[in-house]
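Grab a pencil and work through these exercises with the model open beside you.

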Amino acid sequence: MTSAIDVRDITKIYNPNSNQPVKALDNVSLTIDDNEFFTLLGPSGCGKTTLLRLIAGFEAVSGGEIMLFDDEIENLEPNRRPVNTVFQHYALFPHMTVAANVAFGLERLKKPREEIEATVERVLTLVKMKHLADRHPNQLSGGQQQRVALARALAPSPKVLLLDEPLSALDLKLRQAMREELKQLQKETGITFVFVTHDQEEALAMSDRIAVMSDGEVQQIGGPTDIYEHPVNRFVADFIGDTNFMDGEIVGFNDDLVTCRIGTQSMFEAENSGAHKIGDQVTLFLRPEKITLSAVDDASAADTRPGKVANIVYLGNQAAYTVDMGDGIELIAQARPREDGKLPFTLGDPLAVEFSARALRVLAQ
Amino acid sequence: MSDWLPKSAAGKRWLGLAPSYFVIGIFMLVPMIIMGVFSFLEPNPYGGVKPVGSFAAYVKIFFEYDLEDQLVFNPGYINIIFRSFQLSFGATLLCLVFGFPVAYYITLQPENRRNFYIYLVTIPFWTNLLIRTFAWIIILGRGGVIETPLLATGIIEKSLRMMYTDGAIAIGLTYSYLPLMVLPIYASLEKLDFRLLEAASDLYANRFEVMTKVVIPLCKPGIIAGCLLVFIPCLGAFIAPNLLGGGKKLMLGSLVQFQFASARNWPFGAALSMLLLSAVVIVLIFYARAAKNRAAMEGSA
């Protein structure tokens, strides 16, 4: 597979000559495949938007190379790069109609009039905005402006479409609907999408692959399940989804499982990941949904552990339980409300807590 | 609609606005009415007017009496008016050419420095226009700042004769009113969302197209306001034309001033002023109509 974008050892330093240089990106390398929905995910200030702006050409790199389908582009002006951007706040031209906004890029490329008209109609149909082609942006709702911004960026048929948190300004329902549509649009157009977001749910729902970033570095690159189930470090595990962490020490090995001591005397077996030896300080991580809670008297198997409900957060379709496991260990777990809508356990209830050793993973500290 | 307001409240609101109506009336309407009335009276050769109605002042703009006492068309004053428009237009254009980059540059500065630059733009207003215009005589005049070094180094052999030309007047007018161009353009550029510039360049617009397709259309209100603020006072200006034009090349403003100060023909001066006023009103009507069309085009959601 050819790579659409190849980022090689990119470094970006803001104010390099001042007494307070800010390193936004530190030796970042990543490869984005052709026809891929690729997401840059991370908290604000992690450098994800900076990387996108470097690809678009709004900022100059401090070091490294950016290849676009084997062409070196990092020194080109933005208007010479065959990529288009969907901006976070849309940045539609307020003095032009929707159709004129969409035609803008094509006009700059000096396409023939008939082709421009045909393309504008096609992309506006694609984003379901054809009926509003004569409106001005200030007559549109946020969601409609979003669609126009998309159409405008798609119209010149860019080799890569860059999306800078395009859904962040929309309300929840619309955001969820747009997720589906964006994913659909990517498949239909076959254009490589590079999507920047801080919303891990959005990233998991839409991406073919995700690069998790923090502090100007790429922490992990992989598919959504990889990132969620096999995070390489504590940052990734913590940033994606809810997680239980337990700090402890490796005390033994048992086939491909490791035995860890948590707290003073609690022993947990966990799936090994990487080279560890006895005495290593490690963090175990466990997703809340991997934990099954049951009342003490229904508990069937022997490999349950005793616990007690320490706190309940009601979330509607489920409740998050904080379970006191003794020995200073607390785990977050989930349980669904019963059919009558009541929660299965109340504060202080004794519980049987069950989870597989395969669900527990070892992260280096 | 204020139908829901009780009558007494509406009445009180009028009362609250009364001082401003009063001020506008005293300082704007009354002088204008006086001017209008004077323009229809006969001049008193010793200054002031005689309370006798007459259209003579308006007739004098277009016609004169020849030796046989026949009324014939006289293009003299029309020419002055035409020249005034030409020079004002030229000065406005120069102000735009110099003022826009200045305003744009200031907008690009960090926020804390912008106010300082704006403050610098207003510095010329601190001293009298007359004195500042005299300074231009020293700059442009024979043996002045520009000529002396050029003559001394032999680049030129005789005086450039820059003074007392239309060029000198245009420079003087440009200098006088440049801040009035910079400030409104800055005001509209400052509101410009600079992400739109990124969006334009992302969509393959080169630097020139970013300017012509995005920046200039979006700060058009500021540009128009600046042009009006420069053009209108230029039409009525008399200091720069008198000092730098030598008083031989009259402009409308100097002509009016001359009627009141030296020629003692107040009605004629008033009539010329009324003509100037109507010209300005016509320009403003065009502006208002353009602004209205623009608003209608962009809609208001």
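**Exercise 1: two helices**

Work out how helix α7 (residues 166-190) of chain B and helix α10 (residues 220-236) of chain B pack, at an angle of about 160 degrees and with their axes 7 Å apart.

Step 1. This is a predicted model, where local features need pLDDT of at least 70, side-chain atom pairs count only at pLDDT 80 or more, and totals for chains, interfaces and linings use all residues. Residues are numbered from 1 along each chain as its sequence is written, with chains lettered from A and ligands numbered from 1 in the order in which they are written.

Step 2. Because of that angle, α7(B) is roughly antiparallel to α10(B) (the cut-off is over 145 degrees).

**Exercise 2: where the chains meet**

Describe the side of chain B that touches chain A.

Step 1. Chain B puts 18 residues into the contact and chain A puts in 20 residues.

Step 2. On the chain B side, α8 (195-202) and α9 (207-218) each supply at least two residues. α8(B) gives the most, with six residues.

Step 3. By type, that side has nine nonpolar, three polar and six charged residues.

**Exercise 3: confidence**

Step 1. The average is 90, and 98% of the residues score at least 70.

Step 2. Confidence in chain A is lowest in strand β20 (residues 361-364), at a mean of 81, and highest in strand β3 (residues 37-41), at 96.

Notes
pLDDT is the predictor's confidence in each residue, from 0 to 100. Helices (H or I, at least four residues) and strands (E, at least two) are DSSP runs, numbered from the N terminus. Axes are lines fitted to C-alpha atoms, for helices over the stretch in contact, and angles run from 0 to 180 degrees between N-to-C directions. Angles under 35 degrees count as roughly parallel, over 145 as roughly antiparallel, 65 to 115 as roughly perpendicular and the rest as oblique. Two residues are in contact if their C-beta atoms, placed from the backbone, lie within 7 Å. Ala, Val, Leu, Ile, Met, Phe, Trp, Tyr, Cys and Pro count as nonpolar, Asp, Glu, Lys and Arg as charged, and the others, Gly among them, as polar.
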